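Subject: Structure handover

Hi,

Here is the structure for you to look over. My notes follow directly below it.

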Amino acid sequence: MSGLSDNVFNIKEIRLQFPILTQKVNGKSLVYFDNAATSQKPSSVIDAISSYYEKENANIHRGVHSLSQNATNAYEQARKTISTYLNAESESEIIFTKGTTDSINLVASSFGSMLNEGDEVVISAMEHHSNIVPWQLLEARKNIKLRVIPILKSGELDMSSIDTIFNSKTKLVSIAHISNTLGIINPIKEIISKAHHFGAKVLIDGAQSVQHLPVNLKDLDCDFYAFSGHKVFGPTGIGILYGKKEILNAMPPYQGGGDMIKRVSFEKTTFNEIPFKFEAGTPNIIGGIGLGKAIEFLETLNIEEVQKHEEELLLYAQNKLNEIDGMTIFGNSHQKTSVISFNVGSIHPFDIGTLLDKQGIAVRTGHHCTQPLMEFFNIPGTVRISFSMYNTKEEIDLCISSLKKSIQILQ
Amino acid sequence: MMSFKEKQNAIIEDFDLFEDWMGKYEYIIELGKEIDLIPEKEKKEEQLIHGCQSRVWLMSRFRDNKMYFYADSDAIITKGIIALLIKVMNGESPETVVKEDLFFIQEIGLQEHLSPTRANGLLEMVKKMKLEALKNI
């Protein structure tokens, strides 16, 4: 198997940790190339979930009994694990949310409430709908101005436009670390430093990042960072919003309820400290614990080696795809993660996706929640294949031969 | 002239001939090529069926108390799937189109396309056909 000899990174051992990879789909061995949508889960995460419900289940934070205290410890330990892995200043800067979308909405709602008419929020033309619509809603609520950094034909950000877009009215820049559709890695360090020059805060949508490359929050110096548990080998329905302590402290609560208060009276209610101020109600306890386990799983690996393996997959697949007649790959940059969006001639991406599925290859087709980006390229959608650490060159070969067979039928 | 049920049974028999899904889809694609297309100049925004990943247009004509459907799509599998529906629905009374059960979808294994969020919007196509028929009752 070609994937075996990749490098010290042991693909065989990695694959053994993901039980779903032995599944059959439509009678064929599953080739899972839809990792940008969601990742598969290692046994350590799956076992933690069932063991929690078998042995530890209790509500957290206020119970005096042992079960509740154990559950609280496990949940808070997860927060600590995540905080350490991402190199945050302290775990109080790590807020559990439902996912990236929820994290961005939290900032749009809470930080957004402190903005005034005429203030500007900057996003980019390649953003996921979840980093567009919350700002449009804020625009309607607060009469702020939403500005968009354009992209070049390659799919890369037009960095030359930034100097004319950023100004003293810019209060927040909210931008994807990595494009979910194109896989392009944006120069966020440069963007963060330029935005800070104007006193603007920066929110990084990291939904496509933590699973692929090292993220060092102190080094990045971003003000907010959002990502989802389910894309980083953790459970669904859990995500993280990181925020710098002083900014989170200045922000009003997002939702009201239990856990987020210090004291409630009809005269005056006082709020709990961060991160709890932003975590109203019984949280997704097992989600948090499971995400902690997923990050522990990442800690057992060398993320640079993961990155190297995925880069090899990317280059291998791009070369093979480019040999196919009529192939157009959208998003061309030297800074890319293992996401490839493409179309073949005038064949509709839905047709290719349907036939690949019947051959056991799971890909995604459509606009990938980036309709403005599809408009930019003037296409109805793309076929998107996205790799994770457990994918192999052998699977790419299978995908390419299935793709060729599909094209033959569809032409 | 086959009945509504007989037409569906004929499709089920046709699909039984194929051993694997690729064969079935090749057949679906062929059916899409036989479809009565909507003339380009008659294509209107309101004929578009929402909820499909591909664009699907559907229009109907009502003649001699019978329904006739015309459609188009930019995805050829979608076009084939709607061609199957048209094969069954064409020439039926509006009452039949609205009320009768489309059991062939389940039988030939296309039910996976029936969930409301499924990208090709088969459910939306059926709904639109029934709504068109309802206008003539």
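Asp259(A) counts as partly exposed, because it has 17 C-beta neighbours inside 10 Å. The cut-offs are these: 20 or more other C-beta atoms within 10 Å of a residue's own make it buried, 12 or fewer make it exposed, and anything in between is partly exposed, with C-beta atoms placed from the backbone. Asp259(A) is not a glycine, yet its phi is positive, at about 75°. Look for Asp259(A) in the loop between α9 (245-250) and β11 (261-263) of chain A. Helices (H or I, at least four residues) and strands (E, at least two) are DSSP runs, numbered from the N terminus.

On provenance: this is a predicted model, in which local features need pLDDT of at least 70 and side-chain atom pairs count only at pLDDT 80 or more, while totals for chains, interfaces and linings use all residues. Residues are numbered from 1 along each chain as its sequence is written, and chains are lettered from A and ligands numbered from 1 in the order in which they are written.

Asp221(A) sits in the loop between α8 (217-220) and β9 of chain A. With 14 other C-beta atoms within 10 Å, Asp221(A) is partly exposed. Then there is a cis peptide bond between Ile274(A) and Pro275(A), with omega at about 5°. Pro275(A) lies in the loop between β12 (270-271) and α10 of chain A.

Next, strand β9 (residues 224-228) of chain A. Five of its five residues are buried. In a regular strand, side chains alternate between the two faces of the sheet. Both faces of β9(A) are covered. Phe224(A), Ala226(A) and Ser228(A) are buried on one side, Tyr225(A) and Phe227(A) on the other.

What does β9(A) pair with? Two strands pair if DSSP finds at least two bridges between them. Strand β8 (residues 201-205) of chain A runs parallel to β9(A), over three bridges. There, Asp205(A) has Ala226(A) as its bridge partner. Strand β10 (residues 239-243) of chain A runs antiparallel to β9(A), and five bridges join them. Here Ala226(A) is partnered by Leu241(A).

Chain A also has an open sheet of four strands, in the order β13-β14-β17-β16, with antiparallel pairing. Its edge strands, β13 (327-330) and β16 (364-366) of chain A, each pair on one side only. From one strand to the next, the twist averages 30°. Axes are lines fitted to C-alpha atoms, for helices over the stretch in contact, and angles run from 0 to 180 degrees between N-to-C directions. Within this sheet, β14 (residues 339-344) and β17 (residues 382-386) of chain A pair antiparallel over four bridges. Phe342(A) stands opposite Val383(A) of β17(A).

Now a helix pair. Helices α3 (residues 66-85) and α10 (residues 285-299) of chain A pack at about 40°, with axes 8 Å apart. They are therefore oblique to each other; under 35 degrees would be roughly parallel, over 145 roughly antiparallel, and 65 to 115 roughly perpendicular, with the rest oblique. α3(A) passes α10(A) in a left-handed crossing, meaning that the near helix is turned anticlockwise from the far one by less than a right angle (clockwise would be right-handed). Residues making the contact include Ala71(A), Ala74(A) and Ala78(A) of α3(A), and Gly288(A) and Gly292(A) of α10(A). Contact requires C-beta atoms, placed from the backbone, within 7 Å.

Where do the two chains meet? The contact takes 13 residues from chain A and 14 residues from chain B. On the chain A side, α12 (349-358), β16 and α14 (393-410) each supply at least two residues.

Last, chain B itself. Its secondary structure comes to six helices and two strands. Along the sequence they follow α-α-β-β-α-α-α-α. Of its 137 residues, 35% count as buried. The C-alpha atoms fill a box of roughly 40 × 30 × 25 Å along the principal axes. Residues 24 or more positions apart account for 64% of the chain B contacts with a separation of 6 or more.

Best wishes

Terms used
Two residues are in contact if their C-beta atoms, placed from the backbone, lie within 7 Å.
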